[in-house]
Amino acid sequence: MSGHDHHNPADHVPHVMPLRMYFAIAGALIVLTVVTVWTAKFMPELILEHTKMQITPTIAIIIAMIIAFFKAALVCLYFMHLKYDSPLNRLTFVSGLFFLSLFFIFTLGDTMTRKETPTAAQTDYMPENFKFMTEKPPKPYWIPAWHGWTDMGYKIGAEGHGHDHSDHDHDHGEGADHDHAEDGEKEKK
Amino acid sequence: MSEAGTNYINHEKGLKSWLTTVDHKRIGLMYLWSVIIFLLAGGLFALMIRFQLAKPELDFISKQTYNQAFTLHGVIMVFLFIIPSIPAALGNFVLPIQVGAKDVAFPRMNLASFYIYVIGALLALAAIILPYLPSFQEAGWKPLDAGWTFYAPYSKHTQGPVIMMTTAAFILGFSSIFTGLNFIVTIHKLRVKGMTWYKMPLLLWSIYATSILQVLATPVVGITLLLLIMERTLDIGIFDPALGGDPVLFQHFFWFYSHPAVYIMILPGMGVISELISTFSKKVIFGYNAIANSSIAIAVISFFVWGHHMFLSQQTTYSSMVFSFLTFGVAIPSAIKIFNWVATLHRGSLDFKTPMCYALSFLFLFTIGGLTGLYLGTLSTDVMLHDTYFVVAHFHYVMFGGTAIAFFGGLHYWWPKMYGKMYNETVGRIACLIIFVGFNITFFSQFFLGSTGFPRRYHSYAGDSHVAETWRSMSGLSTIGAVILGIGIAIMFINLIISLKTGKKAPKNPWGGTTLEWETQSPPVHENFEGDVPPLEKAPYTYS
Amino acid sequence: MSTHDSNIEVDKSQFLERNVSHHFETADQEMDSCKLGMWLFLLTEILLFGGLFVAYVVFRSWHPETWEAGAEHLDWKMGAVNTGILITSSLTMALAIRQAQLNDKKGTVLLLLATVILAAGFLVVKYFEYGHKFHMGIFPGGENYMFAGRHLSNEHIYFSIYYMMTGLHVLHVIFGMMAIIWVTFRAAKGHFYSAYYTPVENVGLYWHLVDLIWIFLFPLLYLTK
């Protein structure tokens, strides 16, 4: 039995990053957040005005994801110290992304090549709450809006979609959730 | 200097010292006895299934009970026995010693891992027992009958302790993750000086690959189970077609974990076999690099192939074709290992001790299992064989004939190291023979059942169909084999337990192994080695 | 096993000197191991949330218009505020680690507390968000989805995924807060100094991951036009 009583104090020497760097990264993250919001909310109109090109939500989300990856890279490399750490930690993180991407690729490979997409169907065990969705919609009505919400700027009810839905009529197979006439920006994948 | 006779077992006495230990060896033993108990429990359910199917149109147990039997047989064997068996029980004991360290990287996390396993196991037991209590029966609970795969939407609608069991599996997942995490860090950071990656014993390579799988894949089953729980309680509608969800998506989620899970099961077994074959052939392992690299290859490729469990699930044909093609890829590294092991045997000085008998059984049984997997990976043949007993036979050959046999072999190999006692060799070898014979009778007959269309998970079968003769004879044979198998396993365990009382004292190195654990006393001292471990000089498996 | 006196000067009046655990040889080996362990744990979190992201993409690809309609009920301004809160909390967390590295006990504790307060702020904003939805009748789950206005037939799935993703994230924020509070207590007792600040660093890594996940959640859920 090793009877030695070793007294081995911690003697790690830390790698300290300069203070400026922290604020610079945080600032960059905020700026990139603003950019993300701008590209999603305000840029499409600008682009439509000037170039007649329509940024669909799909394209917008891809742009947003690219920006998000840059933000993530900043957080990982600097806040999480990956840049100055052992390569093994970097490899660990990146390998997670690699295997996650396999999950995406193969699952989407199946789901995006389906001929029929699942939608709520009329079955024996359809909840009561849902049966109305397969009937003709009743006259639209508005939930009583507490004035406080609208004062704060929230939109209540379906005022956002002031147009015809044909989706309540048929809920099975394709044909459900078809395009609504919304500024011609509907682009079915 | 140690006083004569102190080792990790008598280092500290008393129940409390065991329950609060952070010694990896003690934790390994606690895991060992837990998994053995669950092996026997799962085996009981298996016998129930086999007795029900012994003859056509039998009513040995009710349909309800039968559904419960195959569900619980699966859940117990997969989550409570096989996945922890070699890594947590044998690996916990052997790995730090083989690496030349005093303990794993995070000893307290190791103990936490064990307690998480116990909590998960107790919750699972509750899920098994509670439906039989009158108050639960009045509430409409049936015993679990969704199969260990818990496919939606049936698992959403069935009345029973689904949430309890999925929570138990979720908790067990944490145990698995923490064990894997611990082993990865130990292997990376705590290797003795001189032990480079390609000088590690092959058991470490396989446990490393296993641990990667545990860390990467288990969280996905975690989120799957969480989503299932939410589906049941809140009706979120992701997997339920009535609400617009997709049941096939559940299968994607489930099998993304469960296919790597089967490699979590087999890889440690392969590592054990590498050790056994080399030691008992007194020969350096043939193709060390190939075996080491193929372990990692199996781990990586296993993430590409999960869809081969879903060929008949209405996933698109393109998907099925891709998965089928990739499945052939995952067979290659396993085959490489078999070639290398057989080549190691060639011109070796074979010593047919009990562990070697198990190792040779493994070679035979795993090869059959692997080859029959090819029929299932081939899209066109799988269409006939899916959900038949062919699949059952295949996975029992690889999981039982592979992992469990390797577990038994490893148990016999390291038993003298763990307890310092030698068991009776003759009885051990006889038990191995009985297990081998019983296993083949049980499961080889099931290939014939499967290829004639005998479905899985069916309570009973007709006695008058055109295949009835085959079914009657093969099913009956299978049941007889199961009984023989049970007897063999019982003899094996009784032999081991008796050795604790009456076995001869074990020397340091009873088998002539060359890895580090054989250089310390049997049983090891509390700190694994007396004094510092000298830097490693020779490559592993050098016998001269 | 070498025994040696540390070459680091520890101010014993403020800090508790720590010895390396007996199964490690050097402090660096211990810290590297602990960090690697934490990264492996973060890996599992990535895979855990990854599953939810896969579900999101799958259903969005099937019902893109439902996603756009559903997102109209989310207030992107609140989401942006939350993003700002989390980024700032990441900053304070990173700075707290820095102060621990510099033997600044007070700074460490204050910055950790700031992180907790910001995290609480995140939860407050979330409370308002969820409250607003419950008021409108949008509850998690099909049976409970009682939004009284017109809605597309699969919108409940959008909200199920929304609640699952943000709910799991909120749970992790709460776990993170508990961990940070625990570490703050230890820091106040002087456990962390330049040679040993591993728990602060590991909790920091966890917290940055929570921020990372939100960085992806925000555009995916809130910024669909």
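Predicted model: local features only at pLDDT ≥ 70, side-chain atom pairs only at ≥ 80, totals over all residues.
**Chain A**
- Chain A has 189 residues, and 24% of them count as buried.
- Among the contacts in chain A with a separation of 6 or more, 49% are between residues 24 or more positions apart.

**A helix pair in chain B**
- Two packed helices are described by the angle between their axes and the distance between the axes.
- In chain B, helix α2 (residues 24-52) and helix α3 (residues 63-99) have axes that come within 7 Å and cross at roughly 155 degrees.
- Angles over 145 degrees count as roughly antiparallel, so α2(B) and α3(B) run roughly antiparallel to each other.
- The crossing of α2(B) past α3(B) is left-handed.
- Where α2(B) contacts α3(B), the residues comprise 24 nonpolar, seven polar and one charged.

**Where chain B meets chain C**
- Chain B brings 31 residues to this contact, and chain C brings 28 residues.
- On the chain B side, the elements giving two or more residues are α7 (162-189), α8 (202-234) and α9 (247-281).
- Which element gives the most to the side of chain B that touches chain C? That is α8(B), with nine residues.
- Sorted by class, the side of chain B that touches chain C holds 20 nonpolar, six polar and five charged residues.

Notes:
Residues numbered from 1 in each chain as written. Chains lettered and ligands numbered in written order. Contact = placed C-beta atoms within 7 Å. Helix = DSSP H or I, 4+ residues; strand = E, 2+ residues; numbered from the N terminus. Nonpolar A, V, L, I, M, F, W, Y, C, P; charged D, E, K, R; others polar. Axes fitted to C-alpha atoms, helices over the stretch in contact; angles between N-to-C directions. Parallel < 35°, antiparallel > 145°, perpendicular 65-115°, else oblique. Left-handed = near helix turned anticlockwise from the far one by under 90°. Buried ≥ 20, exposed ≤ 12 C-beta atoms within 10 Å, placed from the backbone.
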